[in-house]
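Please read the following walk through a protein model with the coordinates open beside it.

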Amino acid sequence: MTTDSTPAGAPPDPTRLPGAPTLPEAALHVAGTRRPAAAGATRPVVDPATGHLLMEAPEADAADARAAVAAARAAFDDGPWPRTSVQDRARLLERVADAIERDRDALAWLETLDTGKTLGESRDDMEQIAQVFRYYAAEARTMRGEVNPVPSGAVSLTVHQPVGVVAMITPWNYPLLQASWKIAPALAAGCTFVLKPSELTPLTTLRIVEMLEEAGLPDGVANLVTGAGGTVGAALTEDPRVDLVSFTGGIVTGRAIAATAARNVTRVALELGGKNPNVVLEDADLDLAADHALNAVFFHAGQVCSAGSRLLVHEAAHDALLERLLERTRRIRLGFGWEDGTQMGPVISPEHLAKVEGYVALAQEEGATLRVGGGRPTDPRFAGGTFLEPTVLTGLPHEGRVASEEIFGPVLTVETFRDDDEAHAFASSTRSGLAAGVFSRDAARAMRLAKRLRFGTVWINDFHPYYPEAPWGGFGESGIGRELGREGLAEYQETQHLYWNLEPAGADWFGPQD
Ligand code: NDP
């Protein structure tokens with residue numbers, strides 16, 4: 001049902017639906033002020049489900065990015081935040097968590113409008129995001145240094161200092177979640193930052209910076225610039241006043257960022273996605289494995305860095321598992337994220353749709369068989385959006401591009417193996433070791449295999465869960481560093497040694513000579 005004058009059968013204007021939220025202000029946030037891009041440029045932000053215009057966001061340029069870095073630098077060097085007590089920093093993070101819980105529905109709507117994911121998924125995201133702020137409030141309160149065992153007459157301390165100014169560059173699949181994994185530990189540590197969301201999905205990031213300001217964060221601590229990665233993101237990465245670039249996104253961009261940052265020996269933290277195998281042994285509970293295999297790949301239309309897009313199944317379990325998968329995949333309901341009953345929304349953009357369709361074609365060229373999906377839905381309601389049917393291909397060869405490259409769409413490929421060694425070898429044919437799953441009723445066997453797999457997270461009899469308390473990140477080309485957990489806080493800290501000589505005496509070496 002629509003409240004606007006949309007003709008029957010045409011997609012609704014989602015911004016005018018009951019429950020649709022007020023949009024954040026379309027502004028850059030620099031040094032506590034909200035302003036347009038200096039050159040006055042804007043860029044349309046559209047709903048991927050309908051193609052409706054949501055906002056004309058400011059299109060910042062390199063000069064805007066440099067102004068934001070200057071603001072963050074000044075706030076770090078001369079402002080109160082790095083010297084604010086950890087108790088007060090924790091209190092601010094808790095106020096932000098309260099505000100996220102209070103505005104959960106409105107934030108979830110914004111995320112759904114921007115990304116196409118279902119409102120249920122977006123609401124879950126918001127709950128997780130509030131928990132991340134609460135977790136890092138607790139971490140701030142319990143930060144500890146160390147006393148080192150040096151000879152008596154001196155005190156040697158290891159203390160943790162904020163790393164400084166952070167450039168945060170975030171992707172379009174989990175815009176606010178990925179931003180919160182950076183913002184919360186950075187603020188807990190006492191850092192200041194410039195945040196650049198994906199140009200495709202800036203809405204919730206704009207809102208969270210408004211919320212940080214409302215919660216009392218001093219001016220210049222949180223700065224935000226919207227604009228293209230190639231200009232704004234690159235300007236942030238090459239600015240020597242930045243101490244850390246924290247990036248989540250694709251491998252190609254991640255490599256470019258690491259290369260640029262290396263010129264100034266700027267630290268980098270990179271989360272670059274993965275090619276995540278989901279291994280089903282022949283003794284697994286196949287109903288459980290089928291449920292999780294679908295969730296692993298079709299959640300948020302497969303646009304998840306840990307998406308289990310590559311199913312490796314023991315040859316003895318293949319037919320029974322496949323039957324369950326195909327039957328359930330055919331019943332997945334595509335739709336608009338705000339409609340009850342929608343299970344899967346669109347992919348993010350026409351360009352991305354073409355990329356995912358390219359992988360479906362390539363898989364078939366490489367020898368796989370298309371079993372279900374593979375096309376765009378024919379319902380005219382979806383004509384303005386970028387939808388792809390949930391897709392399953394079988395018989396994918398173990399070597400080849402599709403078996404090793406991230407698809408990042410609603411496409412499941414199925415391969416078989418004969419024993420645990422083969423499962424391990426096939427699963428390991430990627431350098432993007434972010435996450436993997438193992439399904440088995442034999443706990444010891446599953447654990448043996450899990451430990452052999454070179455992936456940052458391995459789930460046993462589950463897929464996708466993550467917690468603020470547990471570190472998140474990958475092996476190999478999947479990235480550098482960790483988010484969440486204590487490790488996620490450490491990314492935003494420098495380690496300092498403080499030495500205090502309590503019985504000073506002259507140094508012997510170059511003192512007065514006879
Ligand atoms: P990108 O890696 O290009 O985008 C991620 C972020 O980096 C965006 O904010 C982008 O800005 C910015 N960016 C782009 N170029 C530069 C640059 N030269 N310097 C600094 N920042 C830059 O992701 P894409 O949207 O192009 O997606 C490509 C692929 O990456 C996907 O198909 C998927 O495989 C993978 N991906 C992985 C994600 C993950 O969670 N690990 C998330 C998203 C994508 P802008 O969008 O404004 O150009």
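Helices (H or I, at least four residues) and strands (E, at least two) are DSSP runs numbered from the N terminus. The model is a predicted one, in which local features need pLDDT of at least 70 and side-chain atom pairs count only at pLDDT 80 or more, whereas totals for chains, interfaces and linings use all residues. Residues are numbered from 1 along each chain as its sequence is written, and side-chain values use heavy atoms, with hydrogens and water left out.

E13 and E16 sit within an open sheet of seven strands, ordered E14-E15-E16-E13-E12-E18-E19, with mixed pairing. Strand E14 (369–372) and strand E19 (457–460) form the edges, and because each has a single partner strand, one side of each is left without a neighbour in the sheet. On average, neighbouring strands of this sheet are turned by 25 degrees against each other, direction ignored.

Helix H14 (residues 443–452) touches E12, strand E18 (435–439) and E19, and its direction makes about 165 degrees with that of E19.

Helix pairs come next. Helix H9 (residues 286–298) and helix H10 (residues 318–330) pack at an angle of about 50 degrees, with their axes 9 Å apart. H9 and H10 are therefore oblique to each other, a class left over once angles under 35 degrees are taken as roughly parallel, over 145 as roughly antiparallel and 65 to 115 as roughly perpendicular. The contact includes Leu286, Ala290 and Phe298 of H9, and Leu321, Arg324 and Leu325 of H10.

Elsewhere, the axes of helix H3 (residues 104–115) and helix H4 (residues 119–141) come within 8 Å and cross at roughly 125 degrees, which makes H3 oblique to H4. Among the residues that meet there are Leu107, Trp109 and Glu111 in H3, and Leu119, Arg123 and Met126 in H4.

Conventions. Axes fitted to C-alpha atoms, helices over the stretch in contact; angles between N-to-C directions. Contact = heavy atoms within 4.5 Å. Pairing = 2+ DSSP bridges.
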